Amino acid sequence: MIVFDKPKSLTDAPLHYCPGCTHGIIHRLVAEAIDELNIEGKTIGVAPVGCAVMAYDYFACDMVEAAHGRAPAVATGIKRSDPSKIVFTYQGDGDLASIGMAETIHSATRNENITVIFVNNAIYGMTGGQMAPTSLPGQVTQTSPYGRDTNHCGFPVKVCEMLSQLEGPEYLERVAVNNVKNIKKAKAAIKKAFENQVNGKGFSLIEVVSTCPTNWGMTPNDALKWVDENMIPYYPLGVYKDRSNKEDK
């Protein structure tokens with residue numbers, strides 16, 4: 001009896017991510033949701049600019065490459081042109097919360113019937129570790145070598161909290177993938193986000209608190225601990241908006 005297997009919605013291509021990066025875990029959770037809902041044949045993913053720029057190599061469904069930050073706009077166009085498709089974006093914090101902030105907010109406030117997977121690792125990964133919109137106060141990066149100074153750079157953007165103030169979105173939840181318990185919760189949230197789209201409920205965004213050992217300058221194990229000790233206290237996990245059961249924070 002098979003108790004563990006590769007999801008059918010993932011290809012056999014080796015992942016290019018750095019050792020200890022949790023993008024691979026998140027990819028698997030997305031693929032498992034697609035498999036379990038039996039929607040691979042009608043799913044279209046939108047890849048971003050960032051570490052996941054080559055997501056089209058890893059997901060077995062149809063994929064579209066979007067310009068930097070424009071994934072929600074591209075997803076909106078695809079979904080509106082063929083509402084029978086299941087459309088998701090897979091975006092990092094630089095892509096979604098910086099150059100793509102307008103697209104994110106407006107697709108959310110319109111309650112577009114799409115699913116957004118938002119990977120928050122608090123740094124620009126692909127371009128070498130610069131400070132991101134989500135970098136923590138005092139966090140050392142390539143462009144904040146003495147730590148993020150909130151007097152000069154402002155405070156991090158808390159995407160779920162911000163979007164929860166809009167009337168439009170159907171479902172917003174922040175999860176993490178730094179241990180088995182959190183991974184199970186993340187899978188349930190991602191699957192629900194896809195189910196919402198299948199049922200025509202509207203905009204769902206899952207923020208996944210993730211690691212970047214390379215640009216954080218840490219070992220993979222230390223990066224997982226840093227998520228627990230620093231990321232999650234600043235970015236509390238939980239449901240921030242759910243119009244189905246009123247579990248908003």
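Biologist: In strand 4, which residue is the bridge partner of Q91?

Modeller: This is a predicted model in which local features need pLDDT of at least 70 and side-chain atom pairs count only at pLDDT 80 or more, while totals for chains, interfaces and linings use all residues. Residues are numbered from 1 along each chain as its sequence is written, and side-chain values use heavy atoms, with hydrogens and water left out. Strand 3 (residues 86–92) runs parallel to strand 4, with five bridges between them; helices (H or I, at least four residues) and strands (E, at least two) are DSSP runs numbered from the N terminus, and two strands pair if DSSP finds at least two bridges between them. In strand 4, Q91 has as its bridge partner F118.

Biologist: Which residue of strand 6 is the bridge partner of V119?

Modeller: Strand 4 also pairs with strand 6 (residues 204–209), in the parallel sense and over six bridges. In strand 6, the bridge partner of V119 is V208.

Biologist: How many of the residues of strand 4 are buried?

Modeller: Buried means under 20% relative accessible area, exposed over 50%, and partly exposed in between (1.4 Å probe, protein chains only). On one side of strand 4, T115, I117 and V119 are buried, and on the other V116, F118 and N120 are buried too. For strand 4 (residues 115–120), the buried count is six of six.

Biologist: At the start of helix 7, a side-chain oxygen of which residue reaches to the backbone nitrogen of K181?

Modeller: A polar contact is a pair of N or O atoms within 3.5 Å; within protein, one must be able to donate a hydrogen and the other to accept it, and residues adjacent in sequence count only if both atoms are side-chain atoms. Here the oxygen is within 3.3 Å of the backbone nitrogen of K181, and it belongs to N179.

Biologist: Is N38 buried or exposed?

Modeller: N38 is in the loop between helix 1 and strand 1. Its phi is positive, near 55°, and it is not a glycine. Most residues other than glycine have a negative phi. At 70% relative accessibility, N38 counts as exposed.

Biologist: Is N111 buried or exposed?

Modeller: N111 is in the loop between helix 4 (101–109) and strand 4. The phi of N111 is also positive for a non-glycine residue, near 55°. With a relative accessibility of 18%, N111 counts as buried.

Biologist: How far apart in space are D93 and V159, C-alpha to C-alpha?

Modeller: D93 is in helix 3 (residues 93–99) and counts as buried at 2% relative accessibility. Beyond its neighbours within four places in sequence, D93 is in contact (heavy atoms within 4.5 Å) with residues including F118, V119 and N120. D93 and V159 are 66 residues apart in sequence, and their C-alpha separation in space is 9.3 Å.

Biologist: What is the radius of gyration of the protein?

Modeller: The protein has nine helices and seven strands. The radius is taken over C-alpha atoms, and the globule rule is 2.2 Å times the number of residues to the power 0.38. For 249 residues the rule gives 18 Å, so the protein is as compact as a globular protein of that length, with a radius of gyration of 17 Å.
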